[in-house]
Amino acid sequence: MLRQLLIGGAVSLATIAVHSAAMAAIVLAFRRRQAVSGPAKSHIRLVVLMTAVVALLNLAHVVEVAIWAAAYWILGVGPESARPFYFALVNFTTLGYGDVLPAPGWELIGPLTAMNVILVLGWSTAAIFAVLSSQLPRAGVRH
């Protein structure tokens, strides 16, 4: 059990590092958006900004799934019937097991993945909300 916790913690830290890099890119995009002044076409700028933010976060999540998949593959903990990326995606989306199960002795790896994912998905949601909320007044929307 300790081995699973340590490995799950290490992989979680790797995904948190990826997510931190994505957040740094979002802050950069946000600062650039703040530098653009004037109400002209502010709705279009908002659409572009929000699309970029969500696209970047989606890309970060795919990389995070790939990190979990690589760990599963290296450790040989995924089921033989499923590819590591699929197994990681099942855990990452907290879909739950239906057609795949981890190798015996690795029952904690799925819940550890899901716990990590709840954190990064919540973090993504908070970032999207923060960017959108900060831009609504610039787009002429009062909240």
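What follows is a chat about the fold, the surface and the aromatic rings of this predicted model.

Trainee: What about contacts, how many join residues at least 24 apart?
Mentor: If you take contacts between residues at least 6 apart in sequence, 66% of those join residues at least 24 apart.

Trainee: Which residues make the nonpolar surface patch?
Mentor: Met1, Leu2, Leu5 and Leu6 make a patch of about 460 Å².

Trainee: Let me pick Leu2 from that. Where is it found?
Mentor: Leu2 is in helix α1, which covers residues 2-35.

Trainee: Buried or exposed?
Mentor: Leu2 has a relative accessible area of 58%. The cut-off for exposed is over 50%, so Leu2 counts as exposed.

Trainee: Switching topic: how many aromatic pairs turn up in the whole structure?
Mentor: The search finds two. One of them is formed by Trp68 and Tyr72, with 6.0 Å centre to centre and 50° between the planes, and it is tilted.

Trainee: Where do Trp68 and Tyr72 lie?
Mentor: Both are in helix α2, residues 42-75. They sit four residues apart, about one turn of the helix.

Trainee: Are those two buried or exposed?
Mentor: Trp68 and Tyr72 are both buried.

Trainee: And why is the pair of Tyr72 and Phe87 tilted?
Mentor: The planes of Tyr72 and Phe87 are at 55°, with the ring centres 5.1 Å apart. Planes under 30 degrees apart would count as stacked and over 60 as edge-to-face, so this pair falls under tilted.

Trainee: Which helices does that pair link?
Mentor: Tyr72 is in helix α2 and Phe87 is in helix α3, residues 84-92. The two residues are 15 apart, and their pair links distant parts of the chain.

Trainee: What about Phe87, buried or exposed?
Mentor: Phe87 is buried, as is Tyr72.

Trainee: Then which residues do the ring pairs link into a cluster?
Mentor: Trp68, Tyr72 and Phe87 form that cluster.

How values were computed
Residues numbered from 1 in each chain as written. Predicted model: local features only at pLDDT ≥ 70, side-chain atom pairs only at ≥ 80, totals over all residues. Heavy atoms only, no water. Patch = residues over 30% accessible without salt bridge, like charges linked within 9 Å, V, L, I, M, F, W, Y side chains within 5 Å. Areas by Shrake-Rupley, 256 points an atom, 1.4 Å probe, with all protein chains shown as cover. Salt bridge = Lys/Arg side-chain N within 4 Å of Asp/Glu carboxyl O. Buried < 20%, exposed > 50% of the residue type's maximum accessible area, 1.4 Å probe, protein only. Contact = heavy atoms within 4.5 Å. Phe/Tyr/Trp six-rings, centres within 6.5 Å; stacked < 30°, edge-to-face > 60°.
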